Every structure is written in C-alpha cells, then in structure tokens.
Amino acid sequence: MHLIPCPNCGARPTEEFRFGGEVPAIPDRVVGVEARDVDLVWFSNNVDGPSVERWYHLGGCKRWLTLARDTHTDTVLGADST
Ligand SMILES: [Zn+2]
C-alpha cells in the first residue's frame with residue numbers, strides 16, 4: 001500500500017499517515033458497554049484478509065479516517081471520514 005485515499009485530501013502517500021489500530025469485529029456473545037469497550041481496546045483480530053482500520057492523516061488534514069484494507073494483498077478496499 002503506497003497511497004491512502006484520504007476522504008478530505010485525496011490519494012496521499014502512506015508516509016503522511018499514522019496507523020491508529022484495527023477496528024476489531026466484536027463477537028455477538030460480547031454484551032454490555034463495558035465488555036465491548038474492553039474488546040475494542042485490548043483485542044485485535046489480526047486478520048489475514050479484509051480488515052477495518054483507523055488511520056490519522058498527520059501530514060495533511062489532521063483528521064481520522066476509517067480504512068478498509070485487505071492485509072493479505074495490502075490493497076485498499078475503501079475509505080471514509082467516519
Ligand atoms: Zn487528509
């Protein structure tokens with residue numbers, strides 16, 4: 001992955017961004033706000049394939065974005081500003 005499509009700035013080099021972590025898929029068996037927060041902070045799925053991640057555009061708009069990325073092929077599947 002050499003370019004990240006920032007929703008605010010367009011396609012920019014990866015070096016301008018900082019990785020903010022994976023947004024893990026939380027199993028349905030995890031219920032309650034506290035339990036879900038623990039899963040979000042302490043666990044990651046570290047998948048080999050489609051993954052959802054948070055990135056911070058440090059060298060551009062200085063905003064967070066959510067990136068869908070295939071970690072196996074290192075290709076971007078989509079990005080949005082939420
Ligand atoms: Zn940006």
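Start by selecting β5 and β6, which pair in the antiparallel sense over five bridges; strands here are DSSP runs of E of at least two residues, numbered from the N terminus, and two strands pair if DSSP finds at least two bridges between them. This is a predicted model, in which local features need pLDDT of at least 70 and side-chain atom pairs count only at pLDDT 80 or more, while totals for chains, interfaces and linings use all residues. Residues are numbered from 1 along each chain as its sequence is written.

Within this pair, pick L67, which stands opposite A79 in β6. Then widen the selection to the open sheet of four strands, whose order is β3-β4-β5-β6 with antiparallel pairing. Because β3 (18-22) and β6 (75-80) each have a single partner strand, they stand at the edges, and one side of each is left without a neighbour in the sheet. The twist averages 35° from one strand to the next, with axes taken as lines fitted to C-alpha atoms and angles running from 0 to 180 degrees between N-to-C directions.

Next, select β1 (residues 3-6) and β2 (residues 10-13), antiparallel strands joined by four bridges and connected by a hairpin of three residues. I4 has R12 as its bridge partner in β2.
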